[in-house]
Each structure stands twice: as structure tokens, then as C-alpha cells.
Amino acid sequence: MLQSEEVYWSKMEASVILPILKKKLAFLSGGKDRRSGLILTIPLCLEQTNMDELSVTLDYLLSIPSEKCKARGFTVIVDGRKSQWNVVKTVVLMLQNVVPAEVSLVCVVKPDEFWDKKVTHFCFWKEKDRLGFEVILVSANKLTRYIEPCQLTEDFGGSLTYDHMDWLNKRLVFEKFTKESTSLLDELALINNGSDKGSQQEKERSVDLNFLPSVDPETVLQTGHELLSELQQRRFNGSDGGVSWSPMDDELLAQPQVMKLLDSLREQYTRYQEVCRQRSKRTQLEEIQQKVMQVVNWLEGPGSEQLRAQWGIGDSIRASQALQQKHEEIESQHSEWFAVYVELNQQIAALLNAGDEEDLVELKSLQQQLSDVCYRQASQLEFRQNLLQAALEFHGVAQDLSQQLDGLLGMLCVDVAPADGASIQQTLKLLEEKLKSVDVGLQGLREKGQGLLDQISNQASWAYGKDVTIENKENVDHIQGVMEDMQLRKQRCEDMVDVRRLKMLQMVQLFKCEEDAAQAVEWLSELLDALLKTHIRLGDDAQETKVLLEKHRKFVDVAQSTYDYGRQLLQATVVLCQSLRCTSRSSGDTLPRLNRVWKQFTIASEERVHRLEMAIAFHSNAEKILQDCPEEPEAINDEEQFDEIEAVGKSLLDRLTVPVVYPDGTEQYFGSPSDMASTAEHIRDRMKLVSLKRQQLRHPEMMTTES
């Protein structure tokens, strides 16, 4: 077994005591004291420490360093900050039995609250000769007096990084590698040495019996390289740019031993590979020619016959899929022989690269023959596969287009009975989208068909070893027939869409006319309502009343225009219904409503005109009398004028109390009662002024007295 000058392999294996090592009862952090001795740390905890397990741990850890390292001595740090004094004392005394010769200094880290002096009456310094090493009690913050901070772990205020589980995992990998590599070296040496001795028969028997090692050499080598790379990286790369931590360096995990084992493994494995290569070459030379002929005979025989029997492209998706499935079966059979070709080609290339001059001409000839046959057959398979895929895509597009045309025709065959103009617009939009989709589908069909025709035209007679002109003509006729049929169907649908589009646009116009006519009725109703509720005032004088009368006439003109607009819309609906051969829903409803509202508006408007004209006459005569006009005394003194004004005023007051009566017998008043009362009060006031003027004219002395 290989050993280095400083490191030797421990008889105790970490895997055997793994549960104990995981407890971290003691560890080698990789730090060193000022004498370059290794630091052994024993972290005691609150729980009772198992001394047997601690002893086993110490035995294992102290078996790792080399004798040279042990000769420098150990500094043991006993962390008693979380433990009791009697446990610390037991551990220190145990070191005397475990490693008395290797321990040079024991640092007992005491807690901040020191143990009772009565308990610690035991003085270690007096027992130095008996113990064989010096023991000091020190606080954690004063431990740097004896050990540099960079060599202490973070638990003691140092900067040295240590991961116990990482160390343990690497240790397990190292031990496993050492054990496997040593065993593998013995096996490879036995195989290689057996191939170099004895007769040819003994050589073959020795190689056969030990041909396969119990462990994969590549795996072991890879493990070793990964382990060595990890050791070297952790040794030369520090942690976060700080001091490098190397708990698995050449003194703790035997890096030189790993390197030496890898070198030996590579040497033996190289010899082993050469033995295998020679043996493989002997067997390959005997098998290659036979396998090459098997591949060539099958491809030129049954393989070519299978392709010659396949020439059609199918007339539907299902037929193309069936042909494609059949072709996949043929490809599957060819793939098995192509796999043999790849393997044979690699074997021949390996033999050619070996540099042996024997059989080079024959091997190259076999390789060329095999490659020519396989490439020719693969090209034919690929051409056939591409042709079937193009045919499948063509039939798929044709089927989709046919379904789109069927859907479009179904829409065109169903009579249109929409509820309103919005639904007609939506239906028309859907119809246009379907027609556009059909255009896109037909263009895609033409592209696919032309591509398929191009592929068929490139199919030469050499493709399957026979003349395929007749078969190609059938395929070409089928493709062109499908495209022409789709073109005719699409043209028929376009003609029907044009007719349907015109009809639907007329229906949109019909619904629009009906909606606008109904709106005209609503507008006229609103005008009537405004006339009755807001057109109430009769004016305070003749001039204002004339202005109101002029505004009313303009208001009537607006209503007349609305009524005429509604009548025109209803006449348009009648014409559209005759064109569409349908019954207008507005002819029996909207027209009577329009005429009824217009009649009511006319009656109310005429009543409004009569009242305004009476108010003009009343205010004009009253203003003429109330003004002082000495130039016309006869007119002013005319009693008949006063009587006429009084009669007009009373008639106007009476008319204000009379409602508007519609032809159906319903009644409607102008404004509210308060509005009418205000208007009537103003007329009465004006009549009182006229009456007072009349009395003054009858009795001039009253005017003199008042003056």
C-alpha cells in the first residue's frame, strides 16, 4: 500500500465511526501554534460527554497526521465554557492516556464566570511531570497570547474558517478513493501481468478471467481528480479573500498520496486499455467484413424493394397518414441497419487510426462501399419522407379550407332574421372575416400544392430504380384537381356573399330608418311637452307678446320639420320592405304614433297662437288708451274702445282656464295652475289700469284733484 513521507493511511475508517464523528466531539481545524504544531480542539457542551466516543474520536484524528507532523506536538484547546469543571478535568486526564507524547500544551478555555475556587483546587501545573504536558486555564479573549488569531476559529475570536461537515464529507471521499484505488491497482496489475506471461492460450485465459475489474477505472480516476482538484483549490484559494483555510491539505488529507495513487492508476489503466485494445482488434477484424456484407446485401435487396413499392402520396389526410406510417415502419427497419453501419464505420475508423498497415486497403474499400450504399439509401428515405410530409400538409390545408367553405356556405344558406341593426353589422363582419379566411386558406393551399408539385417534378427515375412518370402524373393530376375544385367552390361562395352583403346592407338601412322614425316621434313628443310646460307666458306688453309669437312660429317650424322627417323615414321603410319582401314593423305602429303626436301638437300650437294673438290685441289697445295722446281725444273718449278692451281681457282670462282638448277626448293644460294664475293676475292688473283711465276721462275733475 502506498505511503508518503509525512502521511500514512489510518487503519480506522471514518465510515465505521461516522455517527460519532458527526457529533464533533473533537476536530482538527487546520490551525497551528507558534511551534507549527497542529491545534486539536475539544468543544465540550452542556450535555454529558461520552468519554468512550471522545476517545475513539481522538484516536481517529491523531491517526491522520504524519509522524513528522506528530513530532512537532499538538496544542489541545479544551473549550469548557459550556461544561462543568469535573468534565474538563476528566478530559484533560484522559489526554494523558490517549496522546501523552504528542501533546505539548493544553489550553482550557474557562467560562466568563469562573468555576468555584473550591472546585478548581486541583492545579494542573503541579502535575506537569505526571501528565507529560503543560495545562493552562485561559479566557477565550486571552487565548491569542498563545495562538495567533489567524490560527483560531471564529468560536475563539479568530479568523480561521472551519466547516466540520464539509471536512467530514471530504474525508469520507478521500478514504473511499484510497480504498477503491488500492484494490483497483491490484486487479489491474493482475490483469496486465497475466497478459504478458505464458503461452497465447494462458494469456487469453488470464485476460478472460480478469478482464473486467470490480470497479470502473474511469469512475475511480474521476473521483481522484475531483478530490485532488478540491484539495488544491482549497489550499491555494482563501475564503472571501482572507486567510486560506486548508483542513484537507497535504498534512491532513494526504494530497501527495492522492497524487501518487492517481499516477499509478493512470499507468496501470493505460496498460489495461492497451490489452483490451489488442484483444478487441483481433475480434473486430474477424467480424467487420461479415457485418459489412450483411448491411450491404440487405440495403440493396429487401430495403430497396420496400422503397420501390411506395410511390403514391394519398388523396386525403388519412391516406397520407397511412402512407407515412408505412414509411416510418420502413425507416425503422432501415434504422437498425444504419445503426450497424455507424458502429461498423467507427470500428473501421478506429482500426485505420491505429496506424497498422495490415488490411488497410481492404478496410478502406469496405468503408467506401458501406458508406456509398448507406448514403444512397438514406437519401431515398429522406426524399420519400419529405414528399409524404408535404402531401400531408397539402391535404391538411385542403381539409381546413373545405371546412371553412362549408361553414361559409352554411351561413349563406340560412335566412337572415336579425333583431336589430347591430346584430346585422356583427353578422356582416363575421361573414367578411370568414371570406377573408377562405382567401388566406386558398392562398396557402396554392403554396403547398406548388411546393408539392416541385418536389414531384424533382423525383428522378434513379430515386427508386424505376421509371415513375406514370405514378407522378396521377399525383400531379390529383393535386391540380384539388386546387381547381377549391377555387370553384370559393368563387361560388363569393357570388353568394355579394348578394347577401347587399341584402344585409339594405336591412341595416331599414333598421336605421325605423330607429330614426321612432326617434322623430320621441322628438316631436318632447316638443309637445315643452310647448305645454314651458311656452306659457303671454308677455307684459304688445311688443314682448309679438316676440313670443314669432318665437312660437319658429318653434312650430322645427316641429313641422321633425314631422316631415319622420314621414320621409317611414316612406323609405316601405320601399326597403318591398325590396326585401318583408313586412315593416313600423308601418302599423310608428306612423299612427307620429300622426297622433303631430295632431296633438297642432291643436296645442293653434291654441297657443290664439292666446298670443288675443294678448297682442289686448295689450295694443290697452297701451293706446293708457298713453296720454291729446292729439286724438276722440279716440280716447270712445267708450266702445274701453268696452272692447274689457271684452278681450275677459275672453283671454276665460281662455286661460280652458284646457286643450285632443281628438281622443284627453285634456291638457298649459303650464301649472300657479303659472296660469300669475299670467291672469297680470292681465287683471292691466284691465284695472284701463278701467281707472276710463273713470278719469269721465270725470276730469278727478284728474285735477289728483294733480
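Analyst: At 27% relative accessibility, lysine 24 counts as partly exposed, a class between buried (under 20% relative accessible area) and exposed (over 50%), computed with a 1.4 Å probe on protein chains only. This is a predicted model, in which local features need pLDDT of at least 70 and side-chain atom pairs count only at pLDDT 80 or more, whereas totals for chains, interfaces and linings use all residues. Residues are numbered from 1 along each chain as its sequence is written, and side-chain values use heavy atoms, with hydrogens and water left out.

Lysine 24 sits in the loop between α1 (18-22) and β1 (27-32); helices (H or I, at least four residues) and strands (E, at least two) are DSSP runs numbered from the N terminus. Although lysine 24 is not a glycine, its phi is positive, at about 55°. Serine 36, in the loop between β1 and β2 (38-43), is another residue other than glycine with a positive phi, in this case near 65°. Serine 36 has a relative accessible area of 37%, and therefore falls in the partly exposed class.

As for the rest of the chain, it holds 19 helices and seven strands, and 42% of its 707 residues are buried. Of the contacts (heavy atoms within 4.5 Å) with a separation of 6 or more, 81% join residues 24 or more positions apart.

Helix α9 (residues 255-308) contains tryptophan 298, which is buried because its relative accessibility is 15%. Once residues up to four places away in sequence are set aside, tryptophan 298 touches Gly303, Gln306, Gln333, His334 and Trp337. Tryptophan 298 and tryptophan 337 are 39 residues apart along the chain, yet 8.3 Å separates their C-alpha atoms.

Isoleucine 330 belongs to helix α10 (residues 317-353) and counts as buried because its relative accessible area is 3%. From isoleucine 330 to leucine 381 there are 51 residues along the chain, and the distance between their C-alpha atoms is 8.7 Å.

Helix α10 is also paired with helix α11 (residues 360-413): the two axes come within 9 Å and cross at roughly 160°. Such axes are lines fitted to C-alpha atoms, for helices over the stretch in contact, with angles from 0 to 180 degrees between N-to-C directions. The two helices α10 and α11 are therefore roughly antiparallel, the class for angles over 145 degrees, where under 35 is roughly parallel, 65 to 115 roughly perpendicular and the rest oblique.

Beyond its neighbours within four places in sequence, phenylalanine 670 contacts Leu531, Leu532, His535, Ile536, Ala604, Glu607, Arg608, Arg611, Val660 and Met676.

The axes of α15 and α17 come within 9 Å and cross at roughly 150°, so α15 is roughly antiparallel to α17. Among the residues that meet there are Met614, Phe618 and Ile625 in α15, and Phe642, Ile645, Val648 and Leu652 in α17.

Helix α17 packs in turn with α18, their axes coming within 10 Å and crossing at roughly 165°, so α17 is roughly antiparallel to α18. The residues in this second contact include Phe642, Ile645, Leu652 and Leu656 in α17, which meet a set in α18 that includes Met676, Ile683, Met687 and Leu697.
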